[in-house]
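The following paragraphs go through a protein model from its overall make-up to selected elements and residues. Please keep the sequence and the coordinates at hand while reading.

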Amino acid sequence: MRLEAQRVHVAKGDRTLRVKFPDPPASGVTVVNAHGLSKAYGGPPVFEDVSFDVGRGDRLLVLGLNGAGKTSLLRILAGETTANLGMFSFGHNVNVGYYAQEHDNLQGDATLLDNIRAAVPTDLNLSETHLRGLLGMMGLSGEKVFQESATLSGGEKTKLALAMLMVGRNNLLLLDEPTNNLDPPSRQSVTDSLKSWKGTIIFVSHDTEFVEQLRADQGVADARRSGRLLQRRLARARLAGMSAMDLQAMVELETRVWTRCVAATPMPTLGCSPLISWACIRADSPAGRTTPANCGRTDRRRVRAARRTDGRSQ
């Protein structure tokens, strides 16, 4: 079996992870097409009129401050919740894997081995040896595989959830802060594996190095809502009597995604204007140009040629 042949063996005592996501099955040229998505939870929408088109092998970065609807958008695409308005569709032969930031997909009272076994598609027969090999590749080996997942540290839960993505024949990954809680060597190993993976990725991340290395083809950002959120948070902080130093720290934390993360992304047009709402920023657009609300299909050959040229010049 192909997946069995790709099993990675980890040497005892080797603390450096050797992560390798399995090669994705082929999908159609268009992987996701979303139009006019909106989401609310009984009040004002957390986002509205979001449209984008993601092609095979593309990386789409979702940007925004906390509360701007990034996780909600991924959960809609993952089928965990529904949009109030709008629609989306997957292309031919698209199989979706979802990494939840809060590890919602883990069964706390089940062992690591039972969790990863539950993630295996019903038409795929993977041996316990293979499953333990995947867990071992993520540094989860020995008697730990019989431990209940609720007892794991944050980093171990992240590793388990990532291992579970490797058994599903996925060619589209929805990743919500996938490097949170990982130590630097593990974070780099996961990043290296995803960089070379040939499938499609839609991701949320405040990890500037991860964003930079994944080299997004396009991005969507709710710039206007994020600006309003920051203004409200600063107003509440001032009313609470926060010191000037605390306010400065809060501003730096809340705007990190708009400064360090955006600046680190090797997409020359990845900038956010407070005058636009959901915006699509495309790697093949003229410098400084954003297109409100709608991401059409890019000239992918030109985008990738530009990225190869950029890589050779560095």
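Helix H6 has six residues to begin with: its buried residues are Ser186, Ser189, Val190, Thr191, Ser193 and Leu194. Buried here means under 20% relative accessible area, exposed means over 50%, and partly exposed lies in between, with a 1.4 Å probe and protein chains only. Helices (H or I, at least four residues) and strands (E, at least two) are DSSP runs, numbered from the N terminus. The model is predicted, so local features need pLDDT of at least 70 and side-chain atom pairs count only at pLDDT 80 or more, while totals for chains, interfaces and linings use all residues. Residues are numbered from 1 along each chain as its sequence is written, and side-chain values use heavy atoms, with hydrogens and water left out.

The protein as a whole contains 11 helices and 10 strands. Of its 314 residues, 49% are buried. Contact means heavy atoms within 4.5 Å. Among contacts between residues at least 6 apart in sequence, 72% join residues at least 24 apart.

H6 runs over residues 184–196, which is 13 residues. The expected span of a helix is 1.5 Å times one less than its number of residues.

Threonine 191 belongs to H6. Threonine 191 is buried because its relative accessible area is 2%. Its side chain reaches the backbone oxygen of arginine 187 at 2.8 Å, a polar contact, that is, a pair of N or O atoms within 3.5 Å; within protein, one must be able to donate a hydrogen and the other to accept it, and residues adjacent in sequence count only if both atoms are side-chain atoms. An α-helix has 3.6 residues a turn, so residues three or four places apart point the same way. Leaving aside neighbours within four places in sequence, threonine 191 is in contact with Thr179, Phe210, Gln213 and Leu214.

The loop between S6 and H6 holds glutamate 177 and asparagine 181. Glutamate 177 has a positive phi of about 55 degrees although it is not a glycine. Asparagine 181, also a residue other than glycine, has a positive phi near 75 degrees.

In S3, 5 of 5 residues are buried. Arg59, Leu61 and Leu63 point one way from the strand, and Leu60 and Val62 point the other way. S3 pairs with S7 in the parallel sense over 3 bridges; two strands pair if DSSP finds at least two bridges between them. In this pairing, arginine 59 stands opposite isoleucine 201 in S7.

Arginine 59 lies in S3 and is buried, with a relative accessible area of 3%. Which backbone oxygens does the side chain of arginine 59 reach? One is that of tryptophan 197, at 2.7 Å, and another is that of glycine 199, at 2.5 Å. Not counting residues up to four places away in sequence, arginine 59 touches residues including Leu194, Lys195, Ile201, Phe203, Leu214 and Asp217.

On a 1 Å grid over the protein atoms alone, a cavity is a set of points where a 1.4 Å probe fits but cannot get out, and lining residues have an atom within 4 Å of a point. Grid points are joined across faces, edges and corners, and a volume is the space filled by probe spheres set on the points. The count comes to 2 cavities of 30 Å³ or more.

Because 7 of its 10 residues are buried, H4 is largely enclosed by the rest of the structure. Among the buried ones are His130, Leu131, Leu134 and Met137. Histidine 130 is in H4, which spans residues 128–137, and counts as buried at 3% relative accessibility. Histidine 130 and valine 167 are 37 residues apart in sequence and 9.8 Å apart in space, C-alpha to C-alpha. Just after H4, glycine 139 takes a positive phi of about 85 degrees.

Key. On a 1 Å grid over the protein atoms alone, a cavity is a set of points where a 1.4 Å probe fits but cannot get out, and a pocket is an open set with protein on both sides within 12 Å along at least five of seven lines; lining residues have an atom within 4 Å of a point.
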